[in-house]
Amino acid sequence: MAESDTHVLLDGNQLIAKSLARFGVDRMFGVVGIPVTSLANRAVSLGVRFLAFHNEQSAGYAASAYGYLTGRPGVLLTVSGPGCVHGLAGLSNAMANGWPMVMISGSCDQTDFGRGDFQELDQIAAVKPFSKFAVKAKDINEIPECVLQALAHAGSARPGGCYLDFPSDVLHQTISDSEAEGLLASAAERFRKLSEEVVFNVQNSQIEEAASLLRHAERPLIVFGKGAAFARAESALTKLVETTGIPFLPTPMGKGLLPDTHDLAATAARSLAIGKCDVALVVGARLNWLLHFGEPPKWSKDVKFILVDVCQEEIELRKPHLGLVGDAKLVLEKLNKQIKDDPFCLGRSHPWVEAISRKAKENVLKMEAQLAKQVVPFNFLTPMKIIRDAILGLGSPAPILVSEGANTMDVGRAVLVQTEPRTRLDAGTWGTMGVGLGYCIAAAVASPDRLVVAVEGDSGFGFSAMEVETLVRYQLPVVVIVFNNGGVYGGDRRSTDEINGPYKDDPAPTSFVPNAAYHTLIEAFGGKGYLAGTPEELKSALAESFAARKPAVINVIIDPYAGSESGRLQHKN
């Protein structure tokens, strides 16, 4: 029996599938075709769930978000040439956000490269600007090591996108089962050792300095982002905030690490918090455009930043007062231990805490007064409040919220409430539009116990709308709510002097078909569609779709003149 096993031959597709399964990959997203269809089938036969999409762009966004939500590299499979190029959207999104992802593409036969082969492309060169590591397996014997390296690089230091290239001739090469097992066992041992390595370079003296800066600050602030969420730092953050009494400010995807409803939440007093703080502990968030680069006039010119990041280069770029290179959770645990040995707490009567609390309450009351007005035809606030209340009514586990769009995302960020970690996915660091349906599918697969609720502008929805068929095909518990205001920002916003020229009678560049029946799209595939133009219709649709936990699209008709051009980034347009 043993002798016959040595003569069982595996091809490259089987060895890739075995390598992925051996190294812990349990989900793949992608679009199959020449030359990777067999690879997908082989992976499924080994227990890897394959989610088949209509477009590699959406599949790539799904893989990137899956990496963020699970902490393990999300895997995208594409065909060669154009499929690889389409997949670059997801790969670059993973790099921009610091999420672990591996894109696998087939490529043309090595002997035919340079001769105009089918879908020929130098894919290693194409992916280089958008990935932290890229490798081509030039022989079947290299497959396990290549898979190991890509997965390991994707999750190490600052996570990001990596690329694996498998030429069609390598996919068709064969190797004996015993030889394959030897290669797999050797690579698996190296993978185990690499997985045990921890990023933690912070010295005790640096932790002591950080604690001292917070202790002696008059107006300290804790800022955290999706890097802290990825590190599963919520318990350590909660302990730090509640032990020290320091107010906190999450970035959009950091929301939920501590509940938005927490007494020390400074989100509703953001301008005051960042404008007046004298020491800011920034954990897993980059001082980029989302945080105004940490510069005046939004921040005080005298603020001292304590920056916690897994990447030394990020620390060197930002030049904070104190940089702590390490995993957010481990650094915070060490900081908590230091503070425990010499405790301090601002207390609720501290002038800084009182000022933040007072301003936050003022702004919340102003917002609630606006939300209390029922405006029909809908503005953005009236349906957003109804959605907020419906989501909060579900309790725990809270749904995962997916949000994209200009006005829709901006208003949703202010109105919708996050109470649990990693329950908000949005356009992220790169401000990427088109992520919506891919993120929904990733969330439903990564967290099957949670409902997924997408709140999308009609423009954002349009990027990936065909993937509603994917929702129905896999019967995923996703409810997509489309804010339909007839176009980008709200249809035709041109001034009279802009309506000129031979094509002045064409629809405006920002315009879509008015009152488009988006809800009927999902009905074509057997899902449930709802049309909502009044509070009663929206409440009914939400109640029914949330209870059903089946694929649904709710088409919410919004006044095309509600909202503003470019949302809160009007100054950049």
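This is a predicted model: local features need pLDDT of at least 70, side-chain atom pairs count only at pLDDT 80 or more; totals for chains, interfaces and linings use all residues.
Residues are called buried here when their relative accessible area is under 20%.

**View 1. The aromatic pair of W99 and Y439.** W99 and Y439 are both buried. A search of the whole structure finds eight aromatic pairs, and W99 with Y439 forms one that is tilted, with 6.0 Å between the ring centres and 55° between the planes. W99 belongs to the loop between helix 5 (82-97) and strand 5 (101-107), while Y439 belongs to helix 19 (residues 436-446); the pair therefore ties together parts that are 340 residues apart in sequence.

**View 2. The aromatic pair of F380 and F483.** The rings of F380 and F483 are stacked, at 5.9 Å centre to centre and with an angle of 20° between the planes. This pair links distant parts of the chain, 103 residues apart: F380 is located in the loop between helix 16 (351-371) and helix 17 (381-392), and F483 in strand 17 (residues 478-484). F380 and F483 are both buried.

**View 3. An aromatic cluster of F29, F53 and Y66.** The side chains shown are those of F29, F53 and Y66, which together form one aromatic cluster.

**View 4. The charged end of K136 over the ring of F113.** The charged end of K136 is placed over the F113 ring, at a distance of 5.8 Å from the ring centre.

**View 5. K528 over the face of Y530.** In this contact, K528 is positioned over the face of Y530, and the distance to the ring centre is 5.5 Å.

Note on methods: Residues are numbered from 1 along each chain as its sequence is written. Side-chain values use heavy atoms; hydrogens and water are left out. Rings of Phe, Tyr and Trp (its six-membered ring) pair if their centres lie within 6.5 Å; planes under 30 degrees apart count as stacked, over 60 as edge-to-face and the rest as tilted. Helices (H or I, at least four residues) and strands (E, at least two) are DSSP runs, numbered from the N terminus. Buried means under 20% relative accessible area, exposed over 50%, partly exposed in between (1.4 Å probe, protein chains only). A charge sits over a ring if NZ of Lys or CZ of Arg is within 6 Å of the ring centre and within 35 degrees of the ring normal.
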